[in-house]
Amino acid sequence: MRGVMKRMLTAAGVSVGMLLMAFTPASAAVFNLTADAGEISMPDGAQIYMWSFRDSAGGFRYPGPVLDVLVGDTVTVNLTNALPDMDGPSGPMSADAVSLLFPGHENVEFSSDGGVTWAPTGPAYTTGGSKESLRSLAGEAAPGQTVSYRFVAAKPGTYTYYSGTYPHKHVDMGLVGAIIVRTGLPNQAYFTTGSNYDYEVVQFYSAVDPDQHKRIKAGLPYQNSAYLPQYWFVNGRAFPDTIAPDTVSYLPNQPMGALLALYPKERLLVRMVTFDRDMHPLHSHGNHLMVLARNGRPLSSDGVNGDLAIEEYTQTMHPGDTQDGIFTWDPPMNFGFDVYGGDVTQPVPVIVPPEHNSVNINVGFGQLFSGTAYLGHKVDLGADAPINLNAMGEMYVPFHSHFEIELQNEGVGPGGMLAVIMICVPGKPCPGHP
Ligand SMILES: [Cu+2]
């Protein structure tokens, strides 16, 4: 699990390996988040000013931490507002209030006195109570203040959290994160059949309009109708930074890598979470995802059978959506030939066509291409591919937005909302695989 904030158990004697929900005693998961400002780095060298949630004890990061809890937990999130007043206390603007919304969870309560008294979270208005002055969809933390939210995580699944204050502005600025509610069953995402997995990743899709972020940094108002995204992210990174490891020196504030790595036949659970105001058609090469759940609700006719799970060419992610899908790569089934390389008498060397390999283009098949269609085999492409980063005959396929405009970094592609799936060679190391 990458970038996950583990629940802190405050009830004695509770083990994370608890098997049956009925036997799970009520426990508490407590998280301390701080809304703060910082910067993230783009592959083209740009630095983008962001607001985000961080672990109150940790440094600035985007996206915010994944809150990892167990079904039945009472989840308490203490939120401190450290958003800056960009034009100083004497300027025309003051720092924004900030808040938290927890879509998909019922009876969310709010406390502004350190948890002494609780009341249902509700909207906040700039003046009076008219809808014209609605500022926030949830109870707020004023600048410098710490407030608390709590709810019972009643249903397993993948959820979001984000600021409910000026959400058009705060979501674009980066005040967003994900929540995983676990079943307590080992390697099973829901209580439905077919939701078992070998391991899991979070894929977090978002975008920013850097011009609006420059305005906010300069103490100018956010121009809602002028929003025009220029960078698109997976896990807060733009391609090719998406394929870098979680921890790299040049991305100190973006700790979530987005490379997917699996061996053939493994069941990889992809927890997809999306923000920003556009929809994204996410497409996996190599195989379709089997979508098990949407917005924390399993696709099931009776809550037991995963019978409404659906295999789709693309997963259409709407703003605020979550979807959970299983990706497997099982070539005899998919391709009808022994791609594991058992039939080495029939190598499939590929010569790069001249029109793809002139001195003017020289793209070849990419630096990650093994030169064959057989997993675990490499063919020396010679002058056709003078630099080759393929280590052991592994394969790489894209997992990306099918909106081409989203595959660039401020006008230069390939970039943007593009992750890569690495198909590892059985018996060989698989970097990035847990
Ligand atoms: Cu594609």
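Which residue in strand 8 does phenylalanine 110 stand opposite? Phenylalanine 110 faces alanine 119.

## Basis of the model

The model is predicted: local features need pLDDT of at least 70 and side-chain atom pairs count only at pLDDT 80 or more, whereas totals for chains, interfaces and linings use all residues. Residues are numbered from 1 along each chain as its sequence is written, and side-chain values use heavy atoms, with hydrogens and water left out.

## The open sheet

An open sheet of mixed pairing is formed by six strands in the order 3-2-5-12-7-8. Strands are DSSP runs of E with at least two residues, and helices are runs of H or I with at least four, numbered from the N terminus; two strands pair if DSSP finds at least two bridges between them. At the edges, strand 3 (47-55) and strand 8 (119-120) each pair on one side only. Strand 8 pairs with strand 7 (residues 109-111) in the antiparallel sense, over two bridges.

## The copper site

His285, His400 and His402 coordinate the copper ion, each through NE2, at 2.0 to 2.7 Å. Donors are N, O and S atoms within 2.8 Å of the metal (3.2 Å for Na, K and Ca); water is not among the atoms, so sites may look incomplete. Along the chain the donors follow the spacing H-x114-H-x1-H.

Histidine 400 is buried, with a relative accessible area of 10%, while histidine 402 is partly exposed at 31%. Buried means under 20% relative accessible area, exposed over 50%, and partly exposed in between (1.4 Å probe, protein chains only).
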